[in-house]
Amino acid sequence: MPCLPQSHLNVFKRPGRLAAIGQEGPVMVSMLLTPCGRARQAVAGGRGACGGTTPTRILDWEHPRVRSIVRSIGMATQEREGPAAKVAALRHAHRWISAEVRPVYSVQEARPISQVLRLGRGSCSQRMAVLEAVARAWGVPSRVRGLVVDGTFWYPRFPRLRRLVPNQVVLAWPEFRIEGLSKAGHAAAPWLPVSELFGGAGEPRGRIGGGFTNAGPETLFEALSRTSVDWDGATACPASDGSCDLSAYLLTDLGRFDSRDELFAQHGQTLCGLARLLAEPVLGRRAAGL
């Protein structure tokens with residue numbers, strides 16, 4: 001019997017969770033894939049996270065390959081002065097990453113971004129890490145919010161492999177410190193969550209095509225540019241489509257961390273080491289949406 005952290009037990013406490021899955025089997029199998037001994041719970045009261053621009057093992061933006069990519073993305077220093085210009089630069093970087101880093105289902109969430117760029121492919125988590133590293137290289141501090149998301153959110157992508165989908169996924173959700181950012185449109189200013197990079201807090205976007213459903217070729221990373229992605233239930237979604245509100249899938253808010261390195265060191269990656277070793281050769285090359 002695998003050890004069951006408290007956060008795993010929380011799955012069984014949620015009303016209707018087993019009914020939604022259909023049977024206990026998939027839950028038990030997915031538990032075997034997740035790291036044991038990890039109590040993925042938010043600390044009462046939490047602690048402040050100042051973030052920073054310092055390179056980390058994952059965000060190794062001082063690597064020559066990363067520096068070369070940052071230069072190729074462009075946006076001279078003078079073009080990034082002022083909050084509006086910094087946001088525009090981050091949007092430009094997001095579009096570059098969307099076009100140049102192929103989306104796949106890689107499970108190595110702690111992979112340095114220099115390796116992600118060498119491979120030319122990465123998961124949503126890895127591509128968000130690339131965006132963070134570019135921001136830090138430009139002098140824009142970043143931090144992450146640790147979210148534990150229900151694995152059923154990914155079921156539409158793996159309809160025949162649901163037993164192998166982990167029951168919970170650790171998501172490092174980036175935030176960027178933009179000095180001078182208006183609190184009128186951004187409640188967390190000066191911090192700008194990546195979900196608000198293309199629109200303000202509570203602003204319903206993406207009426208064409210609806211919200212993000214995690215089905216089809218579009219990934220969460222791409223969806224940020226066209227629709228609201230709300231983990232807190234604070235967005236006024238269009239009446240005809242509430243899929244921009246993803247708060248029902250949020251199991252635990254772990255709080256803020258100075259870097260994704262710190263988040264993964266404290267709470268582990270989504271999969272245990274052996275599962276990552278076995279899954280990466282296959283999923284690390286499989287195009288997202290297929």
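Axes here are lines fitted to C-alpha atoms, for helices over the stretch in contact, and the angles between N-to-C directions run from 0 to 180 degrees. This is a predicted model, in which local features need pLDDT of at least 70 and side-chain atom pairs count only at pLDDT 80 or more, whereas totals for chains, interfaces and linings use all residues. Residues are numbered from 1 along each chain as its sequence is written, and side-chain values use heavy atoms, with hydrogens and water left out.

**View 1. The crossing of helices H5 and H7.** Helices (H or I, at least four residues) are DSSP runs numbered from the N terminus. The axes of H5 and H7 come within 10 Å and cross at roughly 140 degrees, which makes H5 oblique to H7 (angles under 35 degrees count as roughly parallel, over 145 as roughly antiparallel, 65 to 115 as roughly perpendicular and the rest as oblique). In contact (heavy atoms within 4.5 Å), Leu90, Ala93, His94, Ile97 and Ser98 of H5 meet Arg127, Val130, Leu131, Val134 and Ala135 of H7. These residues divide into seven nonpolar, two polar and one charged, where Ala, Val, Leu, Ile, Met, Phe, Trp, Tyr, Cys and Pro count as nonpolar, Asp, Glu, Lys and Arg as charged, and the others, Gly among them, as polar.

**View 2. The crossing of helices H4 and H5.** Helix H4 (residues 64-73) and helix H5 (residues 83-100) have axes that come within 10 Å and cross at roughly 115 degrees, so that H4 is roughly perpendicular to H5. From H4, Ile69, Ser72 and Ile73 meet His92, Ala93 and Trp96 in H5, a contact with four nonpolar, two polar and no charged residues.

**View 3. The largest nonpolar core.** A nonpolar core is a set of buried Ala, Val, Leu, Ile, Met, Phe, Trp, Tyr and Cys residues joined through side-chain atoms within 4.5 Å, and buried means under 20% relative accessible area, exposed over 50%, and partly exposed in between (1.4 Å probe, protein chains only). Among the 64 residues of the largest such core, Leu90, Leu131, Trp138, Trp173, Phe176, Trp231 and Leu263 touch the most other members. Helix H7 (residues 124-137) gives the most to this core, with seven residues. Leaving aside neighbours within four places in sequence, the contacts of Trp173 include Met128, Arg143, Leu147, Val194, Leu220 and Trp231.

**View 4. Pro281 in helix H10.** Pro281 lies in helix H10 (residues 273-283) and, at 54% relative accessibility, counts as exposed. The C-alpha atoms of Pro281 and Val107 are separated by 9.6 Å, although these residues are 174 residues apart along the chain.

Technical notes:
Helices (H or I, at least four residues) and strands (E, at least two) are DSSP runs, numbered from the N terminus.
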